[in-house]
Amino acid sequence: MGISFYEKEGLFQLDTKTTTYLIGIVDGAYVGHVYYGKRLSGCQGACALLRIGEPPFVPSKNEREKASFADTFPFEYSVWGVGDYREHSLLVRTEQGHRVCEPVYVSHRILEGKPGLPGLPATFAGKGGKAETLEIICKDSWIGLKIILRYSVFEDADAVIRSVQLINEGSEKLYVERALSACLEIEGAGFEMLTLTGSWARERTVTRCPLTYGRLSVSSVRGCSSHQEHPFLAVTTPGTTQEQGEVYAMHFVYSGNFLGLCEKSQFDSVRMVMGIHPEGFEWVLEPEASFQTPEVVCIYSDRGLGKMSRILHDLYRNHLIRSPYLHRKRPVLINNWEATYFDFDADKLVEIAREAKKAGIEMLVMDDGWFGRRSRDDSSLGDWYVNEEKLPGGLPALVERIKEEGLSFGIWFEPEMVSPDSELYRAHPDWIIRIPERTPTQSRAQYVLDLSRGEVVDYVYQCVADILYSADISYVKWDMNRQQTDLGSAALSGERQGELGHRYILGVYELQERLVREFPELLLENCASGGGRFDPGMLYYSPQIWCSDDTDAVERLAIQEGTAMLYPLSCIGAHVSACPNHITGRVTPFGTRGLAALAGTFGYELDITKLSAEEKEQIREQVGMYYRYQELIREGDYYRIASWRENQKYDCWEIVTKDGSEVLATYVQVLAGANQKSRRIRLKGLDAEAVYMLAEEIFSDSQESEEQSFGGQEEQPKRTGKKYSGGVLMYGGISVEPVKGDYAGRLLHFIRS
Ligand code: DGJ
């Protein structure tokens, strides 16, 4: 790991564990991308990759063709206006209305450590962790704009973290119309683009398409990172699999509007850019003021998507998530949303808690509907006081009763919103995002509070904090259930309305920052109608995010596959719910629902009081299973073995301890087929020389037969004692027999002997 500068060549070398990133300064002015790929021990000859010896040559050798130079040079940060017609990263307007900017290299610094970003989530070195940061300082003297390009590398992570700071050193205002965070130029043939797309209840489905000439993008202008598209973009070599192929990826540490774009241009190079979406964005930069972009995580993998996933998982666990729960066992919770929706009272919650306790569940989470006069989704958001008709004696009384049953207590909020039918809205109709004189657009019968305003942030924070002070509350589910419209803030001047989207997100970050500082032991789970704001930005505040409102175990296989491609399983909010599933109507075996939820934070979302004795017993056994494997799942390396989304038949993933001593593989036969032989499943990441013992095997099928060995909480895992060579497991595989009926699951736990 480290950053070096070779003055003679004008070359910066950024090394991570297995990659090298090279940046060249050309003509003493232009900052160009030289190389990103496998780690190099030396970089002699690399400057030729910039092709500055080829026509049209650098401007000092051929001033008359400077525009052609600009249109082919692989800029580290692309600008508009002097001949680079490809996707630009920066667009700044002057008071005179001109938009041309040409930053040239001025100086650079190499710093120890990784600076934080004021008001923004950011990766950090961590205790004792080593990091280095390169700052390349550029300037356009005509308009007085200084641009700092920042690159950080960590000793133990294979990632390059980029962001940009703009500083107005001129005497006039500048209007920043676009300030993306990263730009990367790569070359190769037949590239494909991989993104995560979807919708509400269908988040993060892996999507691939060929990159042809022109531009392909992912984006959100919805005010949040969104269910529909994800702030992630990967360019892969043709046919890239979990284990093979090259991957260049960008992931945005931000929760608002974003743009990620690839452009294949006339000379076949591909430019990737990522940052805040320019649509509707404009930031007024007064003289001496500065603007900081959020970070982009850049990854290069020479060994397919699996390596990329593991790099990201480690990066987020070691350098982004701050919560004290990161390495702790999370409580097994039961949430009352799918159990009762709005129709509950204190007695019902206590009844759920009582049954839950018997099954080993540790926390009750009271979801939407406990405040104001809320008994449907059309009132009371903003009125954060307890509905005493439902909960007599308020929260202190309820929490005491839940604790007497032996459970801790968690609560739901949707702090960013207000219902038109609420005391808060009646008192402060100007506190919402809206344009004066226009009827604001409702969504789920609610408006978005204008969190660009300090007094609104203060008010919302106080409401949440007062509730948390009022009783012993261990967990908050922070929900956000609508996207933005009618962008207007009563507190911003006309020329600053384009700042609203970003200022709103800064307000959300400030709220959550204050919350986690004031209540450091609080377990915070973010949520946005399921996974509508599942992004690295939110992970800086909460160690887990509710993955999707779709709790159907089969649908979850694909949603969690896409999510786990980027995020550690310990971040993925996953619960067992009742069947027929409330969204799909599908009936899956209870055991398979447990196996799907085990690939996440694990919990329940059903009315346990209505379950049969046999189902309650299964919960008890599943909780035991969670206890046995939670540490391995939280801390281990993730491998995707098979994708039911791709093969339409079966799904398989695996978690291995970092030292290869234990592995937990989950297999789901999604669809049964006639006349099948057993299927060979090759495990990954084991020690080929070692011998492994099959320590426990759990079956789940639609018959839920007597022979299933789930192993209870107090019981020791059932050891089958069968032995396998690591090489056989990895290169030969295990044979998984076909089962009658769909949705059968199987969990296999091997321990190195
Ligand atoms: C959307 C969330 O995703 C659900 O889990 C639930 O909390 C509802 N909102 C409550 O309104």
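## Cavities and ligand site

The lining of the largest cavity holds 11 nonpolar residues, no polar ones and 3 charged ones. Here Ala, Val, Leu, Ile, Met, Phe, Trp, Tyr, Cys and Pro count as nonpolar, Asp, Glu, Lys and Arg as charged, and the others, Gly among them, as polar. The model is predicted: local features need pLDDT of at least 70, side-chain atom pairs count only at pLDDT 80 or more, and totals for chains, interfaces and linings use all residues. Residues are numbered from 1 along each chain as its sequence is written, and side-chain values use heavy atoms, with hydrogens and water left out.

The largest cavity has a volume of about 140 Å³. Its lining has 14 residues, and V31, F75, Y77, V79 and P103 lie nearest the centre. Strands β4 (30-38) and β8 (145-154) each supply at least two lining residues. A cavity is a set of points, on a 1 Å grid over the protein atoms alone, where a 1.4 Å probe fits but cannot get out; lining residues have an atom within 4 Å of a point. Points are joined across faces, edges and corners, and a volume is the space filled by probe spheres set on them. Helices (H or I, at least four residues) and strands (E, at least two) are DSSP runs, numbered from the N terminus.

The whole structure has 12 cavities of 30 Å³ or more. Helix α12 (residues 613-635) gives the largest share, 4 residues. R328, R330 and Y626 are among the lining residues.

Now the ligand. It is surrounded by 13 residues, the closest being D367, D368, K477, D479 and D549; a residue is near if one of its heavy atoms lies within 4 Å. The shell divides into 4 nonpolar, 3 polar and 6 charged residues.

| Protein atom | Ligand atom | Distance |
|---|---|---|
| K477 side-chain N or O | oxygen | 2.7 Å |
| D479 polar side-chain atom | nitrogen | 2.7 Å |
| G530 polar backbone atom | oxygen | 2.8 Å |

The protein covers 98% of the 300 Å² of accessible area that the ligand has on its own (Shrake-Rupley method, 1.4 Å probe).

N335 sits in strand β21 (residues 333-335). Is N335 buried or exposed? N335 counts as buried because its relative accessibility is 1%; buried means under 20%, exposed over 50% (1.4 Å probe, protein chains only). A polar contact of 2.9 Å joins its side chain to that of D367. Such a contact is a pair of N or O atoms within 3.5 Å; within protein, one must be able to donate a hydrogen and the other to accept it, and residues adjacent in sequence count only if both atoms are side-chain atoms. A polar side-chain atom of N335 also lies 2.6 Å from the backbone nitrogen of W337.

How values were computed
1 Å grid on protein atoms, 1.4 Å probe; cavity = no way out; pocket = protein on both sides within 12 Å on 5 of 7 lines; lining within 4 Å.
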